[in-house]
Amino acid sequence: MGRKDVVACAELSVRDFAEYEYFTNFFPLREERLSFMRALIASEYRTTRRRAHFLMGRLDNSPAAVADLFPPHWRKPSDLQYLTHGWLKVLRLPNQDVVKEWLAMDTKAGLFCHNMLGGSTWYLSSLTVDPSCQGLGLGKEMLLDVVVPYVGSHGGTRLCFFTNSESNVAFYQHLGFEVANYQELMCRGKRMGSWDFVLDI
């Protein structure tokens, strides 16, 4: 993902995750949710673009799928780096108490995978497929034909990630990923499952 692709890839991720429990549990109003997601994801992509490995799948010369990979030596950028790449938009959003709750939940959800980083273990922070392209097998193709070979070609022997969508669990297991950890997260009074997957390459 080049610098010129950041906005398009961030918007793709917003479209894909717009109805995901990970966000709807905290921001039930769609307009408020999309504002939060746009500010958050655009800042995240801009800040981590040179530290993470972003892989894109294109369809008709437009981004159709995006994988965001953290290498084993991953270190989170500083607060200042986030601020210089758009984080102020997140801080200026209304309902900052909800924003803080979401950030705390996000940290807890990713803790298992972040703790696995190191050695030759990579972390798939996100995999998104444009809703207009779903059902074409792009998610499977990105995982098995792009992400896994990419990690292997860079010395990786293990890939981990998590999902909070129960409907995705059987899909990932069918592709050979194993559930390594499960936890329940409380999201503004609602319980949400969180499954951590691992694949030895």
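N61 lies in the loop between β1 and β2, where helices (H or I, at least four residues) and strands (E, at least two) are DSSP runs numbered from the N terminus. N61 is exposed, with a relative accessible area of 65%; here buried means under 20% relative accessible area, exposed over 50%, and partly exposed in between, with a 1.4 Å probe and protein chains only. Phi of N61 is near 70°, which is a positive value in a residue other than glycine. The model is a predicted one, in which local features need pLDDT of at least 70 and side-chain atom pairs count only at pLDDT 80 or more, while totals for chains, interfaces and linings use all residues. Residues are numbered from 1 along each chain as its sequence is written, and side-chain values use heavy atoms, with hydrogens and water left out.

Turning to the helices, two packed helices are described by the angle between their axes and the distance between the axes. Helix α3 (residues 30-48) and helix α4 (residues 79-91) pack at an angle of about 175°, with their axes 8 Å apart; axes are lines fitted to C-alpha atoms, for helices over the stretch in contact, and angles run from 0 to 180 degrees between N-to-C directions. The two helices are therefore roughly antiparallel to each other, a term for angles over 145 degrees. On the α3 side the contact includes F36, A39 and L40, and on the α4 side Q81, Y82 and W87 are among the residues involved.

W87 of helix α4 is buried, with a relative accessible area of 14%. Not counting residues up to four places away in sequence, W87 touches L40, S43, Y82 and L103. The C-alpha atoms of W87 and R46 are separated by 9.8 Å, although these residues are 41 residues apart along the chain. Beyond this helix, N95 lies in the loop between α4 and α5 (96-116), where N95 is partly exposed, with a relative accessible area of 39%, and has a phi near 55°, again a positive value in a residue other than glycine.

The largest nonpolar core has 45 residues, of which Y22, F23, F36, Y45, W102 and M105 touch the most other members; such a core is a set of buried Ala, Val, Leu, Ile, Met, Phe, Trp, Tyr and Cys residues joined through side-chain atoms within 4.5 Å. Helix α3 gives the most to this core, with 8 residues. Apart from it lies another core, of 25 residues, among them C133, L143, V151 and V169.

Notes
Parallel < 35°, antiparallel > 145°, perpendicular 65-115°, else oblique. Contact = heavy atoms within 4.5 Å.
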